[in-house]
Amino acid sequence: MDWDKVRIFLEVARTGQILGAAKRLTLNHATVARQLTALEKDLKTKLLNRRTTGSSLTPSGVALLAAAERAESELLRVGAQLTSAADKLAGTVRIGAPEGLGNYFLADQLGAFAAANPDLVVQLVALPRTFSLAKREADIVVTLERPEEGRLISTKLIDYTLSVYASGDYLARSKPIREPGDLADHLLITYIHDIIYSRALDYASTFGELITRRFECGSVVGQLEAVRAGHGIGILHDYAARNYPELTRVLPANRFTRSYWLVSHPDTHDTRRVREVRRYIVSKVREARQQFIVK
């Protein structure tokens with residue numbers, strides 16, 4: 001059985017789309033479709049139900065997926081052992097992280113790590129979404145909650161706090177905020193509740209019906225910029241807000257504490273490049289512990 005064809009099948013099975021798999025594999029759409037057809041011909045069985053809306057696995061496809069993932073895991077395990085013996089830190093490591101941590105901490109730190117290791121490609125994907133290690137969307141993932149399912153290795157990275165902030169200009173021209181009840185007179189800049197990807201992000205609900213005026217934005221960066229611009233108040237990461245002296249913390253008693261977890265897959269966890277990036281992230285976050293917790 002041709003592993004190249006199986007590898008293509010594995011990506012299509014994970015993404016559910018030939019086009020999506022082609023993009024991830026950096027192959028032509030027609031090439032992926034042709035290789036799948038050739039694999040089905042080699043095995044004399046239909047593996048996928050191909051539709052315009054996507055592809056689903058047939059019973060034969062389900063069986064092959066399980067076998068292919070076992071083979072992939074073994075290859076990754078052996079590869080980890082071999083590369084661990086190498087002196088040079090090389091290859092590619094992709095880190096999936098929440099937007100706040102990614103943009104306001106990891107971008108700087110991992111940029112420095114990449115600069116110090118010229119043979120290593122470090123990919124930081126900082127987006128408001130979850131990442132699947134099983135589907136190889138990343139080698140290392142930072143999550144807001146400890147994973148409860150799957151064969152994963154997770155370590156608590158750090159606790160962090162968020163507080164209510166407004167710009168000095170906004171506070172100078174608005175009604176004073178001395179207690180939560182005063183928030184009724186202000187615009188809250190917050191998440192779009194429908195697309196929150198983790199229940200840990202639902203801290204704005206603490207204020208319940210106190211605030212009726214809202215500007216909802218799905219981006220941490222967008223929220224922070226709207227608060228900086230003086231359009232309203234927002235619940236911001238303390239470690240991000242500290243970089244902007246124009247922001248003032250209000251209602252200090254109303255502080256929110258959340259946690260970051262560092263997660264990797266056992267198939268690649270011990271690969272030297274993954275292990276070293278994990279170790280570096282942990283060390284840099286813990287060195288900056290005081291930035292993450294505001295009392």
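Here are some notes on one helix pair and a few salt bridges in this predicted model.

1. Start with helix 5 (residues 99-116) and helix 9 (residues 272-287): their axes come within 11 Å and cross at roughly 130°. That angle makes helix 5 oblique to helix 9, since only angles over 145 degrees would count as roughly antiparallel. As for handedness, helix 5 passes helix 9 in a right-handed crossing.

2. Who makes that contact? From helix 5 you have F105, L106, Q109, L110, A112 and F113, and from helix 9 E276, V277, Y280, I281, K284 and V285. Sorted by class, the contact of helix 5 with helix 9 comes out at nine nonpolar, one polar and two charged residues.

3. On to the charges. The structure holds 10 salt bridges, and I'll go through a few of them. One is R50 with E40, where the closest N and O atoms are 3.2 Å apart. R50 sits in strand 1 (residues 48-51) and E40 in helix 3 (residues 29-43), so this pair ties together parts that are 10 residues apart in sequence. Have a look at the accessibility too: R50 is partly exposed, at a relative accessible area of 34%, whereas E40 is buried, at 14%, because the cut-off for buried is under 20%.

4. K175 and D185 also meet through their side chains in a salt bridge, at 4.0 Å from N to O. Worth a second look, because the definition asks for a nitrogen within 4 Å of a carboxyl oxygen. Both K175 and D185 are in the loop between helix 6 (168-172) and strand 7 (188-190), 10 residues apart. K175 counts as exposed, with 54% relative accessibility, while D185 is partly exposed, with a relative accessible area of 41%.

5. E225 forms a salt bridge with R228, with 3.2 Å between the closest N and O atoms. Both residues lie in helix 7 (residues 220-228), three residues apart, or about one turn of the helix. E225 counts as partly exposed at 33% relative accessibility, and so does R228 at 30%.

Definitions and conventions
Residues are numbered from 1 along each chain as its sequence is written. This is a predicted model: local features need pLDDT of at least 70, side-chain atom pairs count only at pLDDT 80 or more; totals for chains, interfaces and linings use all residues. Side-chain values use heavy atoms; hydrogens and water are left out. Axes are lines fitted to C-alpha atoms, for helices over the stretch in contact, and angles run from 0 to 180 degrees between N-to-C directions. Helices (H or I, at least four residues) and strands (E, at least two) are DSSP runs, numbered from the N terminus. Angles under 35 degrees count as roughly parallel, over 145 as roughly antiparallel, 65 to 115 as roughly perpendicular and the rest as oblique. A crossing is left-handed if the near helix is turned anticlockwise from the far one by less than a right angle, and right-handed if clockwise. Contact means heavy atoms within 4.5 Å. Ala, Val, Leu, Ile, Met, Phe, Trp, Tyr, Cys and Pro count as nonpolar, Asp, Glu, Lys and Arg as charged, and the others, Gly among them, as polar. Buried means under 20% relative accessible area, exposed over 50%, partly exposed in between (1.4 Å probe, protein chains only).
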